[in-house]
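This briefing looks at how two chains meet, and then turns to one residue away from that topic. Please keep the structure in view while reading.

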Amino acid sequence: MADTLALPPLGTPAARDLGAYVNARADGLQQITLLIEGAHCANCIARIENSLTAVAGVKTARLNLSTGRLLVEWQGLANQAGALAKQVEDLGFGVRALDTHGPQDENTTKEKQLLRALAVAGFGAANIMLMSVAIWSGAADETATRSLFHFLSAVIAVPVVAYAGWPFFKSALLALRARTTNMDVPISLAVLLSVGLSLVQMAEEGQHVWFESATMLLFFLLIGRLLDARARGRAHSAVSRLLAMRMVDATIVNDDGTTTLTQADMVLPGMQVRVPMGAQVPVDGTITEGQSSFDTSLVTGESTPMEISQGGAVYAGTINLGAPITLRADATDEDTLLADIARMMTAAEQRRGGIVILADKIARAYVPVVHFLAAAALVFWLTIMAASLPHALEITIAVLVITCPCALALAVPVVQVLASTKLMQQGILIKSPAALERLAEIDTVVFDKTGTLTLPDLMPDISALNGEQQATALALASASHHPLARALASHLEGTPASLSNISEDPGNGLRAEGGFKLGRAAWVGADETAQTPAPELWLSMPNAAPLRIPFKDELRPDAAHVIQRLKDKGLKVILLSGDRPAPVAHTAAAAGITDWQADMRPDAKADYLQQLEAQGRKVMMVGDGLNDGPALANAYISLSPASGADITQTTADIVFQRPSLKAVTDLLDIAGNARGLARQNIGFALAYNMVAIPLAMAGFITPLLAALAMSASSLTVTANAFRLSFWRAS
Amino acid sequence: MSVLLILVPLALLLGLGGLMAFLWALRSGQFDDPDGAAYRILIADDGTPKAP
């Protein structure tokens, strides 16, 4: 955010109206799911749950620490939800209401289905093997015993394959209906053929059945699918957390003059909305009462506050810096300028979704080849070698099983899951596994200035103040929610001076009895001719000249070092900023960047990136403000610090949580590593195929051997991926 | 042979029992919150957690 003002916490004195998020259950209980921020330990769980269950009428309060979701069920009215939420907020946790139909929930259901299928396949494979091993060890010398075991295997195999194989059959059917093939078609063919042929053999009291091959095949394939779903699930939970954060507070002024505190998406056009000092404007509107200065950086990129008075237009996403105002809502929810920008970014994102990931590319080429080879083997053995149909089918099944892309299906997801975990340990959240692959192709890095290269909070320069003055400033600043005051208060140390009657004059500053003032230059009585556009506060002590406290952006601790590392890797580094040339030049010099542009508005940034793209460059954009949003969406891959605007975090492919910029180099290192391992895995899987397929076609491999060989290749690929866990931050 | 007629179905039944137990545990949400479960053992019955 260009002016780097932190948003005020969501909790305000009144309780919110969360009625829209409450579900009424069939048994009469009201139920709501809240997203809790800041709960990390047993203490937190106990405090939250106990404080809620102590309230009369609350039947259940259960916090899921892994997802951050709190489920509350109570006997009573829907509008009591707000009070319950406030109770948790008062304990010191962040609370947001959650819409429980987001993409994360669908993914969790899918994961559970896969896990169930995996359990069933595992049970089936183990128990059938029980009997198969007995047969191979010689218990099948009597035909009667062997037939019994075959029968029992069939009884287990048929329902197990029907249930555990369903994800594959469904996917194959969908692909065939769309007149294409995917990896699931040969898998389904192999499984169904082997079960079918085995049933025929069993009925004829034949010698060989392959029930264990089919179930083992499904077992290993399901492991791969589950890992893949887990990787996506983790990515989704990051997104849904960020989406929930878009629910900003709005204070509606009712016709009778009372106010209702609710969430931004509940405001309708025509309603009167009050925006207190320091709050984010929730909807687009026209000011009907009052005038103030606004931080419009989220939308325009300007870091200097803009004065808007009665009749002027304000936009959702800007921050009211001065006096409280009342506005009439013009465009709300989906129609605001904010939503427009978000849509622009979504459209660009979808355009990017067309980049097919490596595994899919291979699948497209691979599957037709597999079908062809299996068919060729069948024809060859039936005609040229004049084998019996069962024998020829057995060889065909062996070919299908051994070409089963198990290793291929695992090769990349395993590496991605491990890489995502490694990155999470470094405080880096990756939204989609595909982003990892794109990272390895980067040749240019574009940085935003404020909030990205510099720390998100403004740093006050208190060098001009002595101890007593600092104590006074601390006492005054602590009494205000104004972003500059808060930055000052958090930066000052020591005990605050004891002042009496501290009061806030909205839009001007703070005063205390005895002539102490902290605020704007003009109000404090300072000399205005020396004014610069940079944010500043003036401290006035009684009978003394006012002292200036300038605020400046401070470069992130290791920014220069990181930029140097990037240049050493051969990447081109560019700085694009919406700020004026002087501060941009200064920051660029301090960071060691020679290519920079200033005064860039959001669409200008996006255009610049498109130009780079036209030159054939693959760009990684690192930005944090909404004014970076369109640019982020246009980059090949985008990165945002967790201190950035919520919508920017939602658009960015990757979010990093720690203040150090080292996340950028760590990310590129791990991605490079992951790509190398993924390639090794795919190479190994393909090599294995090239050896195994001729052997299978020549009839040397039974379906069982094929299943074992394929399982071994899957395990090798997984073990290789674990080498990623040896990566250490340098 | 006669021993097999008893033992094999018995083994299968036990295996099936294990599978049912797993599926039940999955359905009753025991796998939903591994992190929380790790911390909940530190909470005493009266609701106050012991020092971690």
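## Interface of chain B and chain A

In this predicted model, chain B and chain A bury about 2,200 Å² between them, and carbon and sulfur atoms give 73% of that area. On the side of chain B, the residues that lose the most area to chain A are L12(B), L26(B) and R40(B), which together make up 26% of what that side buries.

**Contacts across the interface**

- The contact involves 23 residues of chain B and 27 residues of chain A.
- Two salt bridges are counted between chain B and chain A, and one of the salt bridges joins the side chains of R40(B) and E49(A), with an N to O distance of 2.8 Å.
- Five residue pairs are found in polar contact across the interface of chain B and chain A, with both residues at pLDDT 80 or more.

**Make-up of the chain B side**

- Sorted by class, the side of chain B that touches chain A holds 16 nonpolar, three polar and four charged residues.

**D603(A)**

- D603(A) belongs to helix α20 of chain A, which covers residues 602–614, and D603(A) counts as exposed because its relative accessibility is 52%, where the cut-off for exposed is over 50%.
- Although D603(A) and D628(A) are 25 residues apart along the chain, their C-alpha atoms are separated by 8.9 Å.

Conventions: Residues numbered from 1 in each chain as written. Chains lettered and ligands numbered in written order. Predicted model: local features only at pLDDT ≥ 70, side-chain atom pairs only at ≥ 80, totals over all residues. Heavy atoms only, no water. Helix = DSSP H or I, 4+ residues; strand = E, 2+ residues; numbered from the N terminus. Buried < 20%, exposed > 50% of the residue type's maximum accessible area, 1.4 Å probe, protein only. Contact = heavy atoms within 4.5 Å. Buried area = accessible area lost by both parts, 1.4 Å probe. Salt bridge = Lys/Arg side-chain N within 4 Å of Asp/Glu carboxyl O. Polar contact = N/O pair within 3.5 Å; in protein donor to acceptor, adjacent residues only side chain to side chain. Nonpolar A, V, L, I, M, F, W, Y, C, P; charged D, E, K, R; others polar.
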